[in-house]
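Open the structure in your viewer and keep the selection panel to hand. The stops below are given in the order to select them.

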Amino acid sequence: MLRDLPRFEWGQIGLLLDRLTAYNYGSATTALNFLRDIFVCSLLLPVLQMLLRRTGFVGLTAVWLFGLTVGFSPVILRPYILIFFCTGICLALQGSLFTPRLAVLGKLLASISVPVALVWLVPAFAAEHSDTARDTLMRLGVSSAFLWASHVLSRFAVGDHLARLEPMIYLMFLSHACIMLVFWGAWQSAFGSDLYWPYGIFYGGAPVATLVVVLVLYKTLALTPAAVQQAFNGRRIVRLP
């Protein structure tokens, strides 16, 4: 019976599966595509941990070079996710993620600098992969600054206030792309799609506005039955202070 299905129907079944599972990076939302790669990284964690424990920063250098030039598709579709995942594993294996020793920091910088330099300096790589290297470094810088700032803020009184946002992170992660898309449509209607000034206002303000919307959604969920709350909030019951 299955082999008698028209090719069109097979295509629609594959499209539906992709929307639900993001196996080919075509999920219903961008967030699910990201989760797909994180899920695969989690499955690979025991193997990656074993390999990086044995090879150390030499292995990390190989991961960076391979990710910047070849990629990990179809296993991991966004190469920088596995690159950052392995970078975190290496730092954790050295005993400190946020305050690495100077020697560890030097090895980490070498593991990153050598592959990036090869990509930028070797003509065969530069023409095709220099933009990938630049984008990966930018993401590394932004994410590292955010993690470090979060670590520092957690030691102060403001950390307690930020910790109260944790129960709604799941909802925010899955909904932020949709919410910001609505904001972007409104912004384009008012100011156009130019990515120069005053786009910086949108770039900095949209995440804050999205957080406000999620706060409202989260408190609204508290008024719904438990089954609805669990469906939209990662199977967690909303508990308001």
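Start by selecting F156, which lies in the loop between α5 (123–153) and α6 (157–163); helices here are DSSP runs of H or I with at least four residues, strands are runs of E with at least two, and both are numbered from the N terminus. This is a predicted model, in which local features need pLDDT of at least 70 and side-chain atom pairs count only at pLDDT 80 or more, while totals for chains, interfaces and linings use all residues. Residues are numbered from 1 along each chain as its sequence is written, and side-chain values use heavy atoms, without hydrogens or water.

F156 counts as exposed because its relative accessibility is 52%; buried means under 20% relative accessible area, exposed over 50%, and partly exposed in between (1.4 Å probe, protein chains only).

Next, select F98, in the loop between α3 (79–93) and α4 (102–121). F98 has 32% relative accessibility, so it counts as partly exposed.

Finally, select the cysteines. How many disulfides does the structure hold? There are zero, a disulfide being a pair of cysteine sulfur atoms within 2.5 Å. For C86, the closest cysteine sulfur is in C41, 7.2 Å away, which is too far for a bond. C86 is buried, with a relative accessible area of 1%, whereas C178 is partly exposed at 43%.
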